[in-house]
Amino acid sequence: MSNRSAKSTMLIPGAIGEILVSARTTGKLTVLDRYGLKAAILDESLSEEEQRSIDRLLRAVVKGRIAIDPPAKTQPPRVTEELVSGV
């Protein structure tokens with residue numbers, strides 16, 4: 001059994017805001033946006049405002065106001081902990 005608490009995920013400052021602006025501007029969530037949201041959801045240090053922003057974005061997806069870009073036919077680059085944590 002591995003100890004996951006030893007490695008924490010840190011978001012790049014402003015990443016959630018950038019994802020929100022991009023999604024609202026383009027009307028789409030890209031594969032990289034989805035990886036960023038996944039990291040954000042797992043981050044235990046999100047502010048209440050950031051959590052509400054993610055909730056609003058997900059509601060927009062459910063209601064069809066924001067589309068999800070299909071993944072490319074080739075596999076997207078793997079996002080490593082170093083890229084997500086900024087290390």
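In which helix do R52 and E48 lie, and how many residues apart are they?

Author: Both lie in helix α3, 4 residues apart, which is about one turn of the helix. Before going on, note that this model is predicted, with residues numbered from 1 along each chain as its sequence is written. Local features need pLDDT of at least 70, side-chain atom pairs count only at pLDDT 80 or more, totals for chains, interfaces and linings use all residues, and side-chain values use heavy atoms, without hydrogens and water.

Back to the pair. The side chains of R52 and E48 form a salt bridge, 3.1 Å from N to O. The term means a side-chain nitrogen of Lys or Arg within 4 Å of a carboxyl oxygen of Asp or Glu. R52 is partly exposed, because its relative accessible area is 42%. E48 is exposed, at 58%. The scale is simple: buried is under 20% relative accessible area, exposed is over 50%, and partly exposed is in between (1.4 Å probe, protein chains only).

Helix α3 spans residues 48-62. Helices here are DSSP runs (H or I) of at least four residues, strands (E) runs of at least two, and both are numbered from the N terminus. E50 also lies in α3. E50 is partly exposed, with a relative accessible area of 31%. G17 is 33 residues away from E50 in sequence, yet their C-alpha atoms are 8.4 Å apart in space.

R59 counts as partly exposed, at 45% relative accessibility.

The structure holds 2 salt bridges. Besides R52 and E48, D69 pairs with K28, their closest N and O atoms being 4.0 Å apart. D69 is in the loop between β2 (67-68) and α4 (81-85), while K28 is in strand β1 (residues 28-29), so this bridge ties together parts 41 residues apart in sequence. D69 is partly exposed at 23% relative accessible area. K28 is partly exposed as well, at 41%.

D33, in helix α2 (residues 31-42), touches I19, S22 and K28, leaving aside residues up to four places away in sequence. A contact means heavy atoms within 4.5 Å. D33 is buried but has no salt bridge. Its nearest side chain of opposite charge is R34, 7.8 Å away. In this count Lys and Arg are positive, Asp and Glu negative, and His and the chain ends are left out.

Last, the whole chain. It has 4 helices and 2 strands, in the order α-β-α-α-β-α. Of its 87 residues, 24% count as buried. Among contacts between residues at least 6 apart in sequence, 73% join residues at least 24 apart. The accessible surface is about 6,900 Å², and 56% of it belongs to carbon and sulfur atoms. Such areas come from the Shrake-Rupley method with a 1.4 Å probe.
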